[in-house]
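This report goes through a protein chain one part at a time. Please look at the sequence and the model before reading on.

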Amino acid sequence: MTPVRKPTDRPTRPWWRTAAIYQVYVRSFADGNGDGVGDLAGVRSRLPYLRDLGVDALWFNPWYLSPMADGGYDVADYRDIDPLFGTLAEAQDLIVDAHDHGLRVIVDLVPNHCSDQHPWFRQALAAGPGSPERERFWFLPGKGKDGELPPNDWQSYFGGNAWTRSVDPDGTPGDWYLHLFAPEQPDLNWEHPEVRAEFEDVLRFWLDRGVDGFRIDVAHGLAKKPGLPDAGPAPDPTDLPYQDVDTVHDIYRSWRKITDGYPGERAFVGEVWLPTPQQFARYLRPDELHSAFNFEFLCCAWEHDAVRGVVDGTLAAHAEVGAPPTWVLSNHDTIRHVTRYGRADTSFDMGDKRLGAPTDPALGLRRARAAALLTMALPGGVYVYQGDELALGEVEDLPDHLIQDPTFARSGGADRGRDGCRVPLPWAGSDAPFGFSPEGAAVPWLPQPADWAGRSVAAQSADPHSALTLYRTALRLRRTDLATLPESLDWLPADPGVLAFTRDGAFACLVNFTDRPTALPTGSTLLLASAPLDGDLLPPDTTAWLRLPTTGN
């Protein structure tokens with residue numbers, strides 16, 4: 001029987017510096033009540049699986065009350081749970097149960113915008129132009145003779161204009177409101193003291209209920225430049241008027257004081273999409289966020305020089321502010337890396353429209369296994385998006401009428417959106433829903449591919465060579481052998497196209513990016529490999545963890 005690990009059973013350095021964090025997209029993780037949608041009851045039933053996987057913490061995508069215009073990132077009440085997922089009491093029980101299984105809990109916080117069904121926004125619409133209620137948002141009169149044009153040229157991340165014209169209480173066209181995402185997600189005005197006070201209270205609400213940290217959605221976007229100037233026809237990506245505005249750092253300094261006042265090393269992780277490491281690192285100064293997602297690594301091509309450059313740049317930028325780096329391969333917004341790594345172009349960007357591009361599944365799987373061991377060997381924290389451990393690929397043939405991602409509609413179907421990486425997990429069985437829902441339950445909210453039977457947790461648990469077995473073994477070794485190693489690395493001599501580094505002179509990681517085998521260091525002992533070795537050679541697209549021979553006696 002696997003012993004229960006308490007969240008305090010960690011090395012002496014803070015847990016968040018080295019944690020393996022598992023992302024739970026609740027809607028697609030496990031369905032406990034049989035309605036075809038994942039819920040908190042389903043998560044609670046699978047906590048032993050997550051404990052045995054070997055992760056340290058769980059990050060939950062938004063579980064708050066929401067109309068679900070953007071998968072829960074349109075929040076109507078930050079202090080309650082959407083009935084689709086359960087109740088507030090169930091969330092509290094889940095936090096306790098997770099802690100009893102040795103798992104910390106990180107909840108998603110969405111401070112840039114709320115739902116158009118949030119009481120504040122409904123009050124703003126009802127109150128009319130110039131009212132105090134509207135000052136919590138960005139309501140502005142339009143340009144043009146009759147105000148028929150948007151106040152500026154900002155574009156939504158989801159496509160189209162970032163402004164929608166409101167209708168005044170008397171039924172006439174009124175001011176425009178800002179939404180950098182969907183129209184159902186009005187941006188909050190972080191210059192307003194009530195907005196700041198509200199979110200500080202929300203932080204305390206969840207900290208009082210035992211959460212161990214927060215993942216901050218669009219952490220770079222809360223502050224806007226005064227006057228909301230045009231971005232212009234050829235905007236400088238390092239100086240946009242709606243992101244990375246200096247005053248955003250004041251917000252996180254105030255938040256850090258709140259978490260520092262609670263016991264148990266509570267932590268923030270930021271979703272920070274910015275073009276330069278220098279901009280990124282500013283969010284990780286000692287009095288701001290604890291860590292942030294390393295999107296540069298996620299977007300990097302599976303190529304030796306590209307990966308080496310990102311690793312070097314990441315370590316250097318984080319060292320300047322004393323923050324731990326993080327390593328992530330996929331999440332709920334990106335094409336799953338098993339699919340991406342099988343393509344001719346293995347890189348990713350948020351404008352990626354290559355769904356359906358030719359991919360080699362076997363090659364993608366081989367590279368994904370190698371990449372997993374690389375991320376777990378690097379110093380810092382690592383993230384595992386649900387299904388990564390099963391080597392699930394992107395589902396690229398979802399029927400149009402089932403796609404719920406707002407980017408699909410906003411782009412007129414040109415961007416098929418992110419639902420392909422959000423398909424419900426396969427747990428067991430030979431037919432859908434593969435144990436995702438109880439027997440006789442409703443059809444899952446998104447259909448699962450028939451060939452996922454061989455990718456299920458049950459099938460892979462019985463296979464000593466499966467991706468799941470590899471993840472379990474790697475995460476165990478990472479905790480027992482790697483978590484206390486220095487938070488730095490030294491590059492070792494290696495053949496062209498091969499990355500080799502050590503963390504302490506004894507543990508080494510080799511990654512072969514070439515199409516030919518490469519020799520392992522003389523006298524080294526294999527700890528783990530992402531694929532079987534060819535004698536004493538490391539095959540192409542394979543990673544090995546090694547124990548180096550000691551020098552001298």
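## Strand β1 and its partners

Gln 23 stands opposite Trp 59 in β2. The strands β1 and β2 pair in the parallel sense over four bridges, where pairing requires that DSSP finds at least two bridges between two strands. Strands (E, at least two residues) and helices (H or I, at least four) are DSSP runs, numbered from the N terminus. Strand β1 covers residues 20-24 and is also joined by four bridges to strand β13 (residues 381-385), with the two running parallel. There, Val 382 in β13 is the bridge partner of Ala 20.

Five of the five residues of β1 are buried, buried meaning under 20% relative accessible area, against over 50% for exposed and in between for partly exposed (1.4 Å probe, protein chains only). Ala 20, Tyr 22 and Val 24 point one way from β1, while Ile 21 and Gln 23 point the other way.

## Basis of the model

The model is predicted: local features need pLDDT of at least 70 and side-chain atom pairs count only at pLDDT 80 or more, while totals for chains, interfaces and linings use all residues. Residues are numbered from 1 along each chain as its sequence is written, and side-chain values use heavy atoms, with hydrogens and water left out.

## The chain as a whole

The protein chain has 14 helices and 20 strands. A compact globule of 553 residues would have a radius of gyration near 24 Å, and the protein chain agrees with its 24 Å; this radius is taken over C-alpha atoms, and the globule rule is 2.2 Å times the number of residues to the power 0.38. Along the principal axes, the C-alpha atoms fill a box of roughly 85 × 55 × 50 Å.

Of the 553 residues, 58% are buried. The accessible surface comes to about 20,800 Å², and 54% of it belongs to carbon and sulfur atoms; areas come from the Shrake-Rupley method with a 1.4 Å probe, and for residues only the protein chains shown count as cover. Among contacts (heavy atoms within 4.5 Å) with a separation of 6 or more, residues 24 or more positions apart account for 67%.

## Helix α3

Helix α3 (residues 88-100) has 13 residues and reaches 19 Å from its first C-alpha to its last, close to the 18 Å expected. The expected span is 1.5 Å times one less than the number of residues. After α3 comes Gly 102, with a positive phi near 80°.

Which residues of α3 are buried? They are Ala 91, Leu 94, Ile 95, Ala 98 and His 99. These residues lie on the same side of α3 because they cover an arc of only 130° around the axis, the arc being that of the directions from the helix axis to the C-beta atoms. What covers them includes α1 (40-45), α2 (47-53), β2 (57-60), β4 (77-81) and β5 (104-109).

## A three-stranded sheet

Three strands form an open sheet in the order β6-β8-β7, with antiparallel pairing. Its edge strands, β6 (139-140) and β7 (163-167), each pair on one side only. Two bridges connect β6 with strand β8 (residues 173-178), and Leu 140 stands opposite Trp 176 in β8.

## Ser 456

Ser 456 is found in the loop between α12 (406-410) and α13 (457-461). Is this residue buried or exposed? Ser 456 is buried, with a relative accessible area of 2%. Leaving out residues up to four places away in sequence, Ser 456 touches Pro 426, Trp 427 and Ala 428. Between Ser 456 and Val 498 there are 42 residues in sequence and 33 Å in space, C-alpha to C-alpha.
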